[in-house]
Amino acid sequence: MNDGHNRAIHYLRVSVTDRCNFRCAYCMPPRGVKWLPRAEILTYEELLRLIAVFSREGIRNVRLTGGEPLVRKGIVGFVAAVKGLGMIEDLSLTTNGSLLPQYAVALKAAGLDRVNISLDTVDPAGFAKVTRCGCVKDTLLGITSALEAGLAPVKINVVLTDALSITDLAFFIDQVKRYPIAVRFIERMPLGGQDDPDSGPDIAAVKRLLEEAGHGRLEPADTKGNGPARYWRLPESQGTFGFITPISEHFCGACNRLRLTADGRLRPCLLSDREIDIRTPLRAGASDADLAALFAAAVRAKPQGHSLCRTSGYIGFGRQMSQIGG
Ligand SMILES: Nc1nc2c(ncn2[C@@H]2O[C@H](COP(=O)(O)OP(=O)(O)OP(=O)(O)O)[C@@H](O)[C@H]2O)c(=O)[nH]1
Ligand SMILES: C[S@@+](CC[C@H](N)C(=O)[O-])C[C@H]1O[C@@H](n2cnc3c(N)ncnc32)[C@H](O)[C@@H]1O
Ligand code: SF4
Ligand code: SF4
């Protein structure tokens, strides 16, 4: 289905929970986060019905996110049910990786195609500081588990913070040479966190350092995906580097997605608080045609873009990033 700006919408990001076992500084406050009451969260049956209806309206790519999607009980069975619809060509999941050692093999067997894993630094102290309660060993083991399970391509999401060091870049260069992974550097968006969105390196500096490491031979590349990253490859590498630049280089002209929050709101744009309540009609007995009409209304409501720039600072969004799913 096309939106009002002639963009084809075929990608649905589904937040299955607002809960998380980490508290990343750019995503949520350190304490006092109020979880949504269980009754407000869509059940797996409700989510599955919505995905089935939306797939008939053109959704072909589904990403499960959160909060941390792997903390929700029954996630493996849900993956199998979504894949079992037979309509979703690319079913993926974004995770902090800490529970992948436990789940990677089962997720692959259930039909998950691939995972994106967040890892901002490999330094144990830096990782603990950014995530406020994470252990880098768990996430590193999660990456290995995903590779071994065949959840390909594995992508690493690196949000740019002052935790990122030259040692990290050397680690990522080495990993990209040895494994068919994609390491993506992401500009922080001023949404929900409490750190300084201006601290840390900018994307141009990271690209310059990678270019130096490759003696100027960073070439454009392709990597399977539906997202906003632009990819580059160093010579003699199995993997790629990607850059996600919501602040310095907007990519809204190629937007292809809609979001469904854990409490059943269709969100036309990550960076706009406008939402359409689909849970109330769903629970009041809406027909598939009624639900499809709400999907179409959300597609029509997509804005052309956003107006954030590096100096915006944290602005008053109604939700934290963890409540939307990134
Ligand atoms: N501004 C903006 N940022 C986005 C959008 N989609 C994803 N991002 C950000 O991009 C980063 C990576 O998102 P992922 O969840 O890994 O998903 P993806 O990049 O769409 O996935 P691929 O299909 O693998 O390319 C996260 O920090 C997201 O918040 C979007 O529509 N707008
Ligand atoms: C909200 S998280 C949810 C999935 C999972 N818990 C994880 O961390 O991968 C989805 C993605 O959004 C990214 N993210 C969170 N807050 C962000 C921010 N303020 N700016 C840019 N990306 C952000 C995370 O790094 C992650 O890659
Ligand atoms: S980025 Fe992911 S892991 Fe970190 S707090 Fe947000 S939801 Fe949790
Ligand atoms: S900011 Fe909004 S319009 Fe732009 S790419 Fe993200 S979701 Fe699409």
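This report covers the sheet, the ligand shell and the nonpolar core of a predicted model.

## Basis

Local features need pLDDT of at least 70 and side-chain atom pairs count only at pLDDT 80 or more, while totals for chains, interfaces and linings use all residues. Residues are numbered from 1 along each chain as its sequence is written, and chains are lettered from A and ligands numbered from 1 in the order in which they are written.

## Sheet

An open sheet of mixed pairing holds 12 strands in the order E7-E8-E9-E6-E5-E4-E3-E2-E1-E10-E11-E12. Strands (E, at least two residues) and helices (H or I, at least four) are DSSP runs numbered from the N terminus; two strands pair if DSSP finds at least two bridges between them. E7 (219–221) and E12 (276–277) are the edge strands, each with a single partner, so one side of each has no neighbour in the sheet.

E1 (residues 11–15) and E2 (residues 61–65) run parallel and are joined by five bridges. Ser-15 has Thr-65 of E2 as its bridge partner.

## Ligand 1

The shell around ligand 1 has 19 residues, the closest being Asn-116, Gly-225, Gly-227, Pro-246 and Gly-326. A residue is near the ligand if its C-beta atom, placed from the backbone, lies within 6 Å of it. At least two shell residues come from each of E2 and E5 (155–159).

## Nonpolar core

The largest nonpolar core has 83 residues, of which Leu-12, Leu-50, Val-62, Ala-146, Val-158 and Val-183 touch the most other members. Such a core is a set of buried Ala, Val, Leu, Ile, Met, Phe, Trp, Tyr and Cys residues joined through C-beta atoms within 7 Å; buried means that 20 or more other C-beta atoms lie within 10 Å of the residue's own. Helix H1 (residues 44–55) gives the largest share of this core, five residues.

Methods: A residue is buried if 20 or more other C-beta atoms lie within 10 Å of its own, exposed if 12 or fewer, and partly exposed in between; C-beta atoms are placed from the backbone.
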